[in-house]
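Here are my notes for someone opening this one for the first time. Have a look at the picture, then work through the points in order.

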Amino acid sequence: MKEVGEKKLPKILLYIFLTISALLSIFPFYWMFVIGSNTTTAVNRFPPAVVPGGNFGANAALVFERIDFFGAILNSIIISTAVTASVLFFCSLAGFAFSKLHFKGRDALFIFLLATMMIPPQLGLIPNFMIISALGWLDDLRAVIVPAMVTAFGVFWMRQYMSTAVPYELIEAARIDGCSNFRTYWNIALPAVRPGLATLGIFTFMGTWNDFLWPLIVLKDRSVHTIQIALRTLNDVYFTDYSMVLAGTFMATIPILIVFLIFNKQFIAGITDGAVKN
Amino acid sequence: MKKFLFMLGCLGLLFGLIACSSESSTDNGDTGGSGDDGGSGDPEEVELTMWLWPGMGLDEKIAEYQELNPHIKINVQEAEYSDHHTNLLTVLGAGSGAPDIAGVEQGHLQRFKEFPEQFHNLLDFGAADIKDDFLEWRWREASSPDGEFVFGVPTDVGPMAMAYRIDIFEEAGLPTDPDEVSAKLSTWEDYIAAGRQVKERTGSNMYNFIGDMFNATREQGELQYFDAEGNLIIEESELIRRAWDLSIESIDIHNNTPRGEAEWGAALAAGDFATVFLPPWMLQNIKNNAPDTAGLWNIALMPEGSGNWGGSLLTLPKQGEHPQEAYDFISWLMSPENQLDIFKTYGNFPSTPSIYDDPAVQNHADEFFNRDDLGAIFSEAAQLVDFVYRSPDTGTINTIMGDALTTVADGQATPEEAWDNAMQEVRRQISR
Amino acid sequence: MSNVPLSTENSLKNRKKFRRKYSQKASDRKSGYLFISPFFILFGIFGVFPLLFTAYISFHRWNVLGTKEWVGFRNYQLLFTDDPLFWKSIGNTFSIWFLSTIPQLIAALIIAFLLNQAFLKGKALFRLGIFMPNVTSVVAVAIVFSAMFGTQYGLINYVITLFGLEPIHWRGSYFGTHVAISVMVMWRWVGYNAIIYLAGLQSISKDLYEAATIDGANKMQQLFYITIPMLKPIIIFTVLQSTIGGMQIFAEPLLFGVGGNNQGLTVTLYLYEEAFSRFAFGYAAAIAWLLFFIIIIFSLINVLLARKIKSA
């Protein structure tokens, strides 16, 4: 297994390449903290500040004064958790059906599902608003949660993932043991697709957390603001205090990082669980 | 099999969420966001929903009104400036969900003004009585062309003046006293000549971007792209021709840094251009972007008058059910006395000229700009503003003209090509 | 229980097997429809109406707040015959898609392949690193990139002029604008696709690589003969998704600015401006439908190309 050791140089190059990629990826995030811990005037200088300053506490205090930060975070947690849990379940279930079960019209329905991903979303705002208004869901978290409970993207992803990660033999074996379809899905397929679920989970959580186009149209009242809507109201029309905005943005990112770290273990869990296939 | 039931349960939950809420839709579905749930006790209690964007500076006054009128509750809902206007468009288009009171900013006003059926006419609630409190041009902007329909009560205004760098002017051998500057730069031709002098002797440009020159000069006349009947006159309009020619003429003294770009702040701080055309609210931007230039600025009138940039109306969407209460509130809120208080706290420049003589306005001091009478100069500017006739398509054409000048500035088109392209695009947009 | 060999009951067993097969079919059908129903129910509630609504208003002149006026195919006709901006926006969209998507997917695949090497230390850290662009708020991204792509005070031009070259006017040329927007797109989505590929790589059995190593295959050969073919469904997924995402690109050109020549104007941005700045909803709806068809056709082409990848 020492086959790679024969070439030391490429290994170092590999680390350098990955380190540079990681640094490039992290820089704007780092800079967000730099601005958030300085004052806006320091940032507008040229060349701008590149090391963190000592103003983060003051900027954060301003954020807390202007918006209900923790209330908005709580709303975001409720919405993102509900959507993520629901998406994981319903999408993996549908993905399982599309990849492992045979039923009439399956392929046509799947193509239809793919086509729905291609609809440009911008014009949906007004008709969707009419629906939500008719349901009486204005200023109600359900307006954001329910439409997102199953996504075509998630179904598509789980179907593709199941078709590489869950071989037919596994399904057949379960059936011979007398498993129902749901049991096969729950006990056999789900454990084999944990990296796929982790990926879908983190992307769904993050996407929901960061979304604002739709929430800001249906969640107007301060009490139901998500963190993204609340952060946007930090922008004054004539002048924006970037230091304050980015201090708030930085704090609002921390929950996503925590969620990523929770899911992070699952990304590699599949390797050790690969034994399922044997 | 248990799992199967679990799955059914989940599906049931999905349906349940959808079903149970359609029942509740009856109680607050069509109250348009003012959902007071019946108001169990006092029948006269009224809740008004008010949509604003952050930074309008009305919070204290809104609280004060509720103290004075305990039966009125005002529920302020803020959204970011552009989100706010998208939201307003959406709820009006969808036919439900609009607030009792909505702010509309000047830049968005013309599109909304096209549809009086979406708003209450303030004249029905007594707006004729407060008309004379406001700047005449501002009130006309808030009204239909014939004056029979008033869309909203004006909030602040943005009369334009010109900030200039004393040090650069001095180095260039130009006067530095504001009255002398106003006298010396009384026409745009004078301004351009002075700009060449600045460029020659100091290397700095005179101003940031030719598109801003076009905007400033374009606002100095009543008829721009359309006549009062709404006919397109852009190609015959002398105002527009002059604005265009002045912009092209002064291309050697602009810095090619539009104000929306991040570099504007850095260029400003570095003294890359010597003058800024600005309404009062932009003073703060200069202070924040270029704090090191404190004390290097002064303010004079713009050549050939003024112009307006910014300010808003408080409107009453037709969906609102308490227009009289809402009108009573907004007309109180924007009364001269209250505008004076708001000016003292936030610096929003009042739209009611009767308070311009107040010492608080006249003697508004700011060391950054070397002035102890900032209010005086903007008051003078506010009274120099011409009424400008705008159509719903004015904004569209402004964008086309701005784009055309950008292509000239970037060397992507000659002035003649850019003008021809712009006219072609204008005709196409208007004919649709 | 069924593996007790009883030769006398062979025929019974066969019949059972047949019955199982038959009932399996019925139960597959039942659970198949049931399992996929949540999506179709939600689509029925929240998807169909907007779609029909958009189709309906695309045949009208409708300024959102006023009355609708039936104009038949006029909006479509204008788009095809008299709207240079629309065609320009389509050209821009494809150009930016091409510049950003192809390098992005290749880079993502390489990064994922490297991150998946058994000997690599600090995997979790690198993974977090490449994931960061997705977490970073667009506000921060906009500020950072405008600081980089400034003409007079931009970081990149500063470096370029150090080498004695002419600074690039990023916002003032087709080349500059398309490159800048593509760089922003790549920056945001390479890590995302790498994470997706990485998840896909977890499903490939390590035995395959071990066997290949024993057979003397080097890393390159392993990439081309094992990784890529095994990842085919995942690759198809990313190709389709980045095709759809690229055709609907919106945030980056909006943040960067489209320039005086509208060289950064993409189709969705044009659509959005028609609807929400110019209030021309009927016209915007027609653009939306045309874009929908363009995406379908272009997706089909790309998926067919991706399917050419040799199967494992």
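1. Start with a strand pair in chain B: B:Pro154 sits opposite B:Leu313, which belongs to β8(B). Strands β4(B) and β8(B) run antiparallel and share five bridges; two strands count as paired once DSSP finds at least two bridges between them. Strands here are DSSP runs (E, at least two residues) and helices likewise (H or I, at least four), numbered from the N terminus.

2. Is β4(B) buried or exposed? Mostly covered: eight of its eight residues are buried, where buried asks for 20 or more other C-beta atoms within 10 Å of a residue's own, exposed for 12 or fewer, and partly exposed lies in between, with C-beta atoms placed from the backbone.

3. A word on what you're looking at. This is a predicted model, where local features need pLDDT of at least 70 and side-chain atom pairs count only at pLDDT 80 or more, while totals for chains, interfaces and linings use all residues. Residues are numbered from 1 along each chain as its sequence is written, and chains are lettered from A and ligands numbered from 1 in the order in which they are written.

4. Chain B has an average pLDDT (the predictor's confidence in each residue, from 0 to 100) of 90, and 90% of the residues reach at least 70. Keep an eye on residues 18–41 of chain B, though: pLDDT is under 50 there, and the model has 34 contacts beyond four places in sequence for them. A contact means that C-beta atoms, placed from the backbone, lie within 7 Å.

5. Chain B is assigned domain 1 (46–158 + 310–362) and domain 2 (159–308 + 373–431), with bounds from an automatic or database domain assignment. Their centres, taken over C-alpha atoms, are 29 Å apart. Where they touch, domain 1 of chain B brings 18 residues and domain 2 of chain B brings 22 residues. On the domain 1 side, α4(B) has the largest share, three residues.

6. Now chains A and C: each puts 73 residues into their contact. Which element gives the most on the chain C side? Helix α1 (residues 10–46) of chain C, with 14 residues.

7. Finally, a UniProt record, an unreviewed entry, lists residues 73–263 of chain A as "domain: ABC transmembrane type-1"; such annotations may be inferred rather than shown by experiment. In the model, that stretch of chain A is 73% helix and 0% strand, with its end C-alpha atoms 20 Å apart.

Key. Contact = placed C-beta atoms within 7 Å.
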